[in-house]
Amino acid sequence: MIKELAFSEEELKSLAKARDIPIVFDEDCPETTPERALKFRRVNPPRDHIGKRA
């Protein structure tokens, strides 16, 4: 089962190559500034009681 969870050599090479590619922002997905980050709201607010079931 552990072998099934491991990455293949090809996948490891692909991941290593992807790490070297810079992130590119455009008008559809601009970089988030600290001012814009403060305006984000959580879609799912945290629960009052952890582990409480409905």
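Tutor: In this predicted model, Phe7, Leu12 and Leu15 together make a nonpolar surface patch of about 280 Å². One of these residues, Leu12, lies in helix H2, which covers residues 9-19. With a relative accessible area of 39%, Leu12 is partly exposed, because that class holds the values between the limit for buried, under 20%, and the limit for exposed, over 50%.

Turning to the whole protein, 0% of its 54 residues count as buried, and its accessible surface comes to about 6400 Å², of which carbon and sulfur atoms account for 57%. The fold has 3 helices and 0 strands, so that the order of elements from the N terminus reads α-α-α.

As for confidence, the average pLDDT of the protein is 84, and 83% of the residues score at least 70. Helix H2 has the highest confidence, at a mean of 95, whereas confidence is lowest in helix H1, residues 2-5, at 66.

Definitions and conventions:
Residues are numbered from 1 along each chain as its sequence is written. This is a predicted model: local features need pLDDT of at least 70, side-chain atom pairs count only at pLDDT 80 or more; totals for chains, interfaces and linings use all residues. Side-chain values use heavy atoms; hydrogens and water are left out. Patches are made of residues with over 30% relative accessible area and no salt bridge: like charges are joined within 9 Å, nonpolar side chains (Val, Leu, Ile, Met, Phe, Trp, Tyr) within 5 Å. Accessible areas come from the Shrake-Rupley method with a 1.4 Å probe; for residues, only the protein chains shown count as cover. A salt bridge is a side-chain nitrogen of Lys or Arg within 4 Å of a carboxyl oxygen of Asp or Glu. Helices (H or I, at least four residues) and strands (E, at least two) are DSSP runs, numbered from the N terminus. Buried means under 20% relative accessible area, exposed over 50%, partly exposed in between (1.4 Å probe, protein chains only). pLDDT is the predictor's confidence in each residue, from 0 to 100.
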